[in-house]
Amino acid sequence: MDKGIEFKSLLAKTDLGDGASIERYAVRLKGMTFRDVLNLDIKPDGYDRKNYGSTRYKGGMGNLLEERYFGYKSNSDERPDFPDAGVELKATCYDIRKKDGRPTAGERLSLTMIPYDRPVTVDFDSSHVWSKCHSILLVYYHRDRSMEKYDQRITHVKLFTPPEEDLKIIREDYRTIVSYIRSGRAHELSEGLTTYLGAATKGATAESSLVEQYYPHLEEDGTLVHIKAKKRAFSFKRQYMDYVLHHYLMGEPDDAESIVSTEDLDRSSFTQHVHDLIASHFGKTDREIAREYDLPYTGNKAQWTSLVYRMLGIRGNHAKEFKKAGISVRVVRIEENNNIKENLSFAPFEFSELLAEEWESSTFRTYLEETRFFFVVFKKRSGAYHLATCGFWNMPVSDIEGDARSCWEETRRVIRRGVRLDIRTRTESNPVITNDLPGMADNPIAHVRPHAQKAAYLLSDGTEIGDIQKDASRLPDGRWMTKQSFWFNKKYVLNILKNLDDAS
């Protein structure tokens with residue numbers, strides 16, 4: 001039988017008012033490319049030919065499935081795509097990581113726009129967000145940028161509802177986002193503010209595209225103002241969608257342990273529960289905590305992270321909720337002179353890749369926007385490190401778009417112009433090489449410095465220092481220099497920790 005005739009017959013027998021029936025028909029997508037779907041020649045009444053693969057066509061692959069597989073005309077109806085079944089169709093992608101060949105969710109899952117022209121629903125269970133996510137037909141495809149979108153292959157299809165333990169945290173996230181919206185602070189929203197459900201930017205971010213908020217903001221002088229904010233959408237964060245892909249769709253076992261139970265979340269919020277678990281140990285020394293959990297005291301950097309997870313009730317160093325949320329645990333030791341023992345660094349960058357990026361989609365901005373940090377602080381007193389404070393933190397939008405962006409832009413300017421490398425010979429076999437990438441004195445938030453255990457350079461005169469293949473990256477002009485990364489300034493980190501103290 002002709003494949004198109006077969007699928008049209010199957011579609012005719014599908015009850016679009018029943019989620020299970022929709023899923024049975026949808027799972028036949030597995031193994032098909034989007035071009036295969038087009039070749040079925042299924043079309044809605046009044047169909048207009050479209051270029052679903054255009055970069056200007058947002059949600060193109062999802063619209064393709066709506067019209068050319070399920071045969072209904074794509075529209076802007078706020079109801080779920082299959083209203084009688086309450087099922088929302090979402091096509092989303094995953095990439096293959098170069099370092100280990102494992103799939104990783106390629107993007108967040110946008111659910112619905114945050115309204116700035118009308119009141120926002122306070123109760124999550126009555127909200128438009130819940131109607132869009134309580135039953136999602138997830139269609140995952142492999143995003144291979146070397147081929148046309150139409151030739152990318154669908155590999156996983158499943159009807160998905162977030163489990164109750166996730167929904168309790170999602171409700172908490174929704175309340176947090178709504179509290180910002182209702183106080184006229186939508187311009188301060190970022191994905192790092194919450195755990196699973198985020199407020200993701202949508203569309204252009206130029207000044208001309210900002211939207212005036214419905215709710216006014218109360219200024220310090222008592223005046224009410226309607227501040228403009230970026231358009232944002234309620235979305236499941238990329239890290240959450242990565243967990244969904246691996247463990248809810250692919251069925252991979254999970255060796256991570258839960259910090260909270262549903263009963264814990266009935267009594268307090270996720271954020272408060274995590275804080276309270278650590279706070280019950282405030283004042284104890286690191287050695288006392290290590291003895292409490294039968295851990296040998298090694299004094300190495302990894303030990304303090306292990307102590308944090310033990311206090312959270314985790315035997316290993318993998319917390320399920322942190323994994324789902326992409327939460328970054330950072331343990332900081334403050335010396336008796338108030339200097340910080342550890343520096344706060346980010347992943348090293350390749351010079352050529354940094355130059356090829358745009359700020360809005362850059363690796364650095366994306367990390368700062370999406371990441372929620374969990375800081376745990378030990379302060380040295382009378383020769384011992386005492387557990388002092390802890391707290392969740394996300395970088396304010398004003399800092400991301402202000403000094404962090406300035407550091408990123410200046411780094412690109414220096415690299416594009418050509419990094420100045422000055423050799424100051426300490427000894428003949430151990431030269432000191434300085435550069436003019438942004439330093440701590442150049443920016444109040446961030447700077448650039450080496451991210452490798454040993455220095456490595458290939459200079460313009462052919463001089464080679466260290467292992468350039470292991471510890472260096474290639475500059476655009478052909479020279480090589482030690483791998484670099486962005487770092488937070490110590491003063492900035494100390495200010496973050498001070499605010500944690502004030503909030504606790």
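Tyr297 is partly exposed, at a relative accessible area of 29% (with a 1.4 Å probe and protein chains only, buried means under 20%, exposed over 50%, and partly exposed in between). Trp304, on the other hand, is buried, at 3%. The model is a predicted one, in which local features need pLDDT of at least 70 and side-chain atom pairs count only at pLDDT 80 or more, while totals for chains, interfaces and linings use all residues. Residues are numbered from 1 along each chain as its sequence is written, and side-chain values use heavy atoms, with hydrogens and water left out.

Now to the rings. The structure holds 38 aromatic pairs (rings of Phe, Tyr and Trp, the last by its six-membered ring, pair if their centres lie within 6.5 Å; planes under 30 degrees apart count as stacked, over 60 as edge-to-face and the rest as tilted). With ring centres 6.4 Å apart and planes at 80°, Tyr297 and Trp304 make an edge-to-face pair. Trp393 and Tyr492 are also edge-to-face, because their planes stand at 75°, with the centres 6.2 Å apart. This pair links distant parts of the chain: Trp393 belongs to strand β15 (residues 384-393) and Tyr492 to helix α17 (residues 490-503), 99 residues apart (helices, H or I of at least four residues, and strands, E of at least two, are DSSP runs numbered from the N terminus). Both Trp393 and Tyr492 are buried. They also belong to a cluster linked by ring pairs, whose members include Phe346, Phe364 and Phe488.

Next comes an open sheet of 3 strands, antiparallel and ordered β13-β23-β18 (two strands pair if DSSP finds at least two bridges between them). β13 (344-345) and β18 (446-450) are the edge strands, each with a single partner, so one side of each has no neighbour in the sheet. Between β13 and β23 (residues 484-488) there are 2 bridges, and Ser345 has Trp487 as its bridge partner in β23.

Finally, helix α9 (residues 270-279) has buried residues Phe270, His273, Val274, His275 and Ile278. These pack against several elements, among them α6 (164-182), α11 (301-311) and β15 (contact means heavy atoms within 4.5 Å).
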